[in-house]
Amino acid sequence: MLQKKELPKLNEGFARIVFCHNENDVEATIKAYTALGPLDTLSNGCFGQKNPDAKIQLGIMKFLKKVEAPSNVGSSSDSVQDSAYPQASDANNICCKGTAKESLLLGVASKEVKESENLAKGSVDDDVSVDEITTLAFPSISTADFQFNNETASDIIVEKVEEFVNKLENARLVLVDLTHGSKILSLVRTKAEKRNIDSKKFFTFVGNITQLYSQGGLRCNVIANAANWRLKPGGGGVNAAIFTAAGLALETATKERANSLLPGHAVVVPLPSDSPLYTREGVSHVIHVLGPNMNPQRPNSLNNDYNKGCSILREAYTSLFTGFLSILRSRSKLPRRISEKLALTPLDLKDPSLDPRNHLTNSDQKIKRDDGCVYERSKKCKGANDETVADISAPSSTYGKVTGDKSKLEGPTSKTWGSWAQALYHIAMHPEKHKDELLEVLDDVLVLNDLYPKACKHLLVLARHEGLDGLVDVHQEHLQLLMTMHAVGLKWAEKLLHEDSSMVFRLGYHLAPSMRQLHLHVISQDFNSNHLKNKKHWNSFNTAFFRDSVDVIEEIKNHGKATIKDEDSQLSMELRCHRCRSAHPNIPRLKSHISICQAPFPHALLENGHLVLAPKT
């Protein structure tokens, strides 16, 4: 209805444009869209646009016709009704009428939606369209080629879904299988209904996991792959299908993340924009997950040991859903202008240069280095020796322990972390290449000296687990790792106290470190160092920006995560002595004061093991 105005175009980020020429067109279009159910889909393109060169116009009325699912999917004929506007009860039948081939395809999609017995009938949020709901589609792990018992597997699936489903907010989980007679789908559906699991957030779906949108009308941003331990294409079933559908791009991206996978673990791989799965189906991530093997014909069979098998399968689903949650958390951190572009990216986008994910540079990704410090201007983050770097890229994590050089990960923030900020990560993943820098190497942690110490003694206890860039990534399942890191840090503090009993140590984490890879600081409280140069350096260790290890462990025990807030305001606070709390105008004056200050430490630091001192004789 616009006159003498520039009309919108699909290449401006729109997936679908309808041109209305009068009030009746507007009313009819609104009614049609209102009648759509949460899983009804409309094809991309322009409809109702006048083209003076065309003999026949694709009008609003033709666009609004509903398509009946053909009785024989294999038939080339398609039956189209001429009723102009569908009612709400016909929402599952709404499709866009285009070519005969398109009509047939959408008819199949409508049939798939009808025949899936437990599809969600409402959106997750009335204000959120179905295309904006981040969705994980996953197959049943280990019940096919790995021959895990269906009854037992279904119990574990429902158990783990129930555990995670309330954490999803505007997201959902979909269990997928190829056949309508699938036993695992039937079992899970029945058990999920008995537990009253929200069908808006979890349901089952019949279809090919590599064609859920194009053939099933179900848009899934993330799909899970029942992988083999080598993370290689081949074999059969889901693994072969996903690698084939995603093309070489997935294989290359997977190699950059990990070379192998342990049972019970998962690795999240962002799918490159040139992958057919991305361009055709809208899949942005693949999560490889490895479950237990009960097939004696396959390597590493558990010989029917279901005690161990059930434990591994629970770990597998925990790793899978935790990986999905990491994607959701990362998306919630996206700057508004970037997240909107991502949401509007057309599925048929062919030119990678048009993909907004490939333009997180310049003003969105300017990185500055200052005295070994990396921080990002777009977030206005102010750090210390561990300056904050924002995570605005597609997330990706591996959950599980690294064994030797079997696993390599370029990580969730490889596009935004500066190369210097990746140093700790590379040491954690490949300690054999950094033997001269390490003080101790254990299965879960490494110990090394801080390269830019802020005190006479400043050590780092570095986690060797993948997918843990900082405290924001730490949850209940990482509690044992935190306790191990604390124990190792305490051991080294006590060792240093034997050498100099006058020292006092504090163990803790920065709220928002820019140095990628979770690390615990073990730092002496003299702060006598030439590398301590400015307010950010001081406040990163002497304000609430520094979280004591004992407090973090207690918080994870009680709440499952650490509280992270107001980190920027902490770094800009005035300079105060960590003993007597007197204020000082600049670093030289503060250093001069602390060199002679003999005041006792604040009472809060003297409690609950916040400080490590030599035992009194």
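**Briefing: aromatic groups, confidence and a helix pair**

F138, F164, Y317 and F321 form one aromatic cluster. Ring centres within 6.5 Å make a pair for Phe, Tyr and Trp (its six-membered ring). The model is predicted, so local features need pLDDT of at least 70 and side-chain atom pairs count only at pLDDT 80 or more, while totals for chains, interfaces and linings use all residues. Residues are numbered from 1 along each chain as its sequence is written, and side-chain values use heavy atoms, without hydrogens and water.

**Rings and charges**
- The whole structure holds eight aromatic pairs.
- K167 places its charged end over the ring of F164, 4.6 Å from the centre.
- R219 lies over the face of Y213, 4.3 Å from the ring centre.
- Such a charge (NZ of Lys or CZ of Arg) is within 6 Å of the ring centre and within 35 degrees of the ring normal.

**Confidence**
- The average pLDDT (the predictor's confidence in each residue, from 0 to 100) is 75, and 69% of the residues score at least 70.
- Residues 52-58 have pLDDT below 50, with eight contacts beyond near neighbours in sequence.
- Contact means heavy atoms within 4.5 Å.
- Residues 65-129 also stay under 50, with 129 contacts beyond four places in sequence.
- Where pLDDT is low, the predicted coordinates should not be read in detail.

**Helices α12 and α14**
- α12 (residues 479-499) and α14 (residues 549-559) pack at about 165 degrees, with axes 10 Å apart.
- Therefore α12 is roughly antiparallel to α14 (angles over 145 degrees).
- Helices are DSSP runs (H or I) of at least four residues, numbered from the N terminus.
- Axes are lines fitted to C-alpha atoms over the stretch in contact, and angles run from 0 to 180 degrees between N-to-C directions.
- Among the residues that meet are L479 and H486 in α12, and V550 and I553 in α14.

Methods
Rings of Phe, Tyr and Trp (its six-membered ring) pair if their centres lie within 6.5 Å; planes under 30 degrees apart count as stacked, over 60 as edge-to-face and the rest as tilted. Helices (H or I, at least four residues) and strands (E, at least two) are DSSP runs, numbered from the N terminus. Angles under 35 degrees count as roughly parallel, over 145 as roughly antiparallel, 65 to 115 as roughly perpendicular and the rest as oblique.
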